[in-house]
Amino acid sequence: MSFPKVRTPYLLLLPGFAFLFTFFILPIINLAQTSTQTPIVGGDTGEYEQTLAFGNYIQAFVENKEQFGRSFLYASLATIFALAIAYPLAYAIAFKSGKFKNILLVLVVAPFFTSFLLRTIAWKQILGEEGFVVPGLRSLHIIGQQTTLTSTSVAVVAGMTYNFLPFMTLPLYASLERIDPRTIEAAGDLYANGITAFRRVTVPLSLPGVVAGTLLTFIPAAGDYVNAAILGSPNTKMIGNVIESRYFKIVDYPAAAALSFTLMAAILILVTLYIRKAGTEELV
Amino acid sequence: MSSDAISARGDLRLTRITKSYGDFKAVDDLTLTIPKGSFFALLGPSGCGKTTTLRMVAGLEEPTVGSIHLGDTDITTTRPYQRPINTVFQNYALFPHLTIFENIAFGLRRRGIKDVKEQVDKVLNLVELPHLAERKPTQLSGGQQQRIALARAIVNRPALLLLDEPLGALDLKLRRQMQIELKWIQREVGLTFVHVTHDQEEAMTMADTIAVMNEGKIEQMGSPADLYDNPETAFVANFLGQSNLIKGKIDGNDGDNLIVDLFGQKISMPKKRSHAVDTSLYAGIRPEKFRISLLGTAVKGNTLTGGRIEDVSYIGVSTQYVVAMPWGQELMVFEQNDDGVPPFDKGDEVLISWEPSFTFGLRGDEDIDAGTEVNPEELEEQ
């Protein structure tokens, strides 16, 4: 009987598909419906009816242009900083750590043993007046005597960089570790000095890790609201914070839904352009 | 200073090279000259120091003691990218992200050569794969990757081309074919090739000169025929082909020959083929040099009587016999199946004879099992 064999892959897909359908597809449809609703005339707060008001999207976007821009700016900065920190780290773990490799990898994921929220609150302490960072930077005259770090964009970007660092480090490590060290030796053998060998062989071969790491950092960072809520101020509000307040505080479900969709679409477009540009499909 | 190294040409000279890792000496006081234009093989079992030697020549390792010269230029501490030396790596180490064309052009581009197309096309034709220029390495078979690795190295016309077990990953048939091709390409391009291998047949097929290495030292160096016909040590006698080593005592002189007593039977051998230092020696005879005759037959040359056929294996071109001798030793004999005489049977009482000039003599204090415990065919990688 060949029938069961043909059906096996579908049977294996079924649990995942059922789960995604229930908890992703249905809510997305529901969200899409909500995004074009308007308040019922004479109804209570939070009572809406479907009127196919696509103007909600334009209105939501126009009202929150600044927060959108900020979200993508902060997410980009956090991604760049995380890449700058994670690449040397992953490189050292992959090529130079010897017997300490496993310990270092455990240390990279160690932050996951504590909650995301707790760690972000801890950053508030670290960057606060009582912490050692601000007095330290002041005594070195890197920041002025009156300057604070909490409730600033610096704190938000720093928090995001920190929180997403493991997501950048692990894929980078995985792709660097896969590089056959003999290809790097071969580059040296073929008249490439250390820097050229790194630029021409190591970097291109680690590109899949760079793409994976930047996506895993940028996508959640663009939608993040925890860092901005805990480490920022009203001036550092990101689009995640707007959606959260529209939904829970103002009870403006349609606007929250429209913003969510706009954010998703924007991320999708950016990511597609990025992958096209990086040309990962050509990489081995 | 370093820019001089890149244009250095001439013989490669290793002078008293030692490479230690802690207490372990991978290469031990090695001195070696490889003449320009030769096809030179470093042959030995895994762990004998041959790959370490190659890596020091390439600049991937630095000797603990000693110096390396190329012509008159000292390159002992020159960085790999400043040496006019290229390597064909074991498992090839092609760049997976670059096309075959760009893999081959890599070395040329690093030296600032802009117009690479003509040279790349030329070597692609030499290795007979011009149609694969735009492919990626993973789309090629093992044999094709091997040729590209070779092309990527020779396109640079280095003073020295190093080949690190270049055929180790290929199957037997392809390996045989590539051995002949490599030899042909070496003559064609006229570069010095230094080839590292554990496969004695590969070394003998390709190289003009072979250095047999064991435990970080060179056991013997010479042409394939020299090494095979007149090994100086038990290790060489056993590592290159098979040998029968029979314990004996030098019992006098007869002109240019020595009279040797082998368990009471006298044989003779040329004096100049003996490497013994006193009267004790091992007489060595290759299995195919022996002739077997039934007891009572009149034969010429050296003769040993009292043998009994212990085992017979018919393998087509030849028949291999194990002959038990009265002193308890079993001798290997390979007889060509070219005389129409039916093979001997197990249990036949025979005598063994051979041409005295085929005998070689080893020191009596040698370990006669040296070099036998490693089977080169079974060692794929170190």
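This is a predicted model: local features need pLDDT of at least 70, side-chain atom pairs count only at pLDDT 80 or more; totals for chains, interfaces and linings use all residues.
1. Chain A holds 12 helices and 2 strands. Read from the N terminus, its elements run α-β-β-α-α-α-α-α-α-α-α-α-α-α.

2. Along the principal axes, the C-alpha atoms of chain A fill a box of roughly 80 × 80 × 35 Å. Chain A has 284 residues, and 32% of them count as buried. Among the contacts in chain A with a separation of 6 or more, 69% are between residues 24 or more positions apart.

3. Where the two chains meet, 17 residues of chain A are in contact with 18 residues of chain B. On the chain B side, the elements that supply two or more residues are strand 6 (85–88) and helix 3 (100–110). Helix 3 of chain B gives the largest share, 3 residues. By type, this side of chain B comprises 9 nonpolar, 6 polar and 3 charged residues.

4. Chain B also contains an open sheet of 5 strands, ordered 15-19-16-17-18, with antiparallel pairing. Strand 15 (291–294) and strand 18 (330–336) of chain B lie at the edges, each pairing on one side only. From one strand to the next, the twist averages 45 degrees.

5. Strand 16 (residues 302–314) and strand 17 (residues 318–324) of chain B run antiparallel and are joined by 6 bridges. Opposite Ala324(B), in strand 17 of chain B, stands Arg308(B).

Technical notes:
Residues are numbered from 1 along each chain as its sequence is written. Chains are lettered from A and ligands numbered from 1 in the order in which they are written. Two residues are in contact if their C-beta atoms, placed from the backbone, lie within 7 Å. Helices (H or I, at least four residues) and strands (E, at least two) are DSSP runs, numbered from the N terminus. Ala, Val, Leu, Ile, Met, Phe, Trp, Tyr, Cys and Pro count as nonpolar, Asp, Glu, Lys and Arg as charged, and the others, Gly among them, as polar. Two strands pair if DSSP finds at least two bridges between them. Axes are lines fitted to C-alpha atoms, for helices over the stretch in contact, and angles run from 0 to 180 degrees between N-to-C directions. A residue is buried if 20 or more other C-beta atoms lie within 10 Å of its own, exposed if 12 or fewer, and partly exposed in between; C-beta atoms are placed from the backbone.
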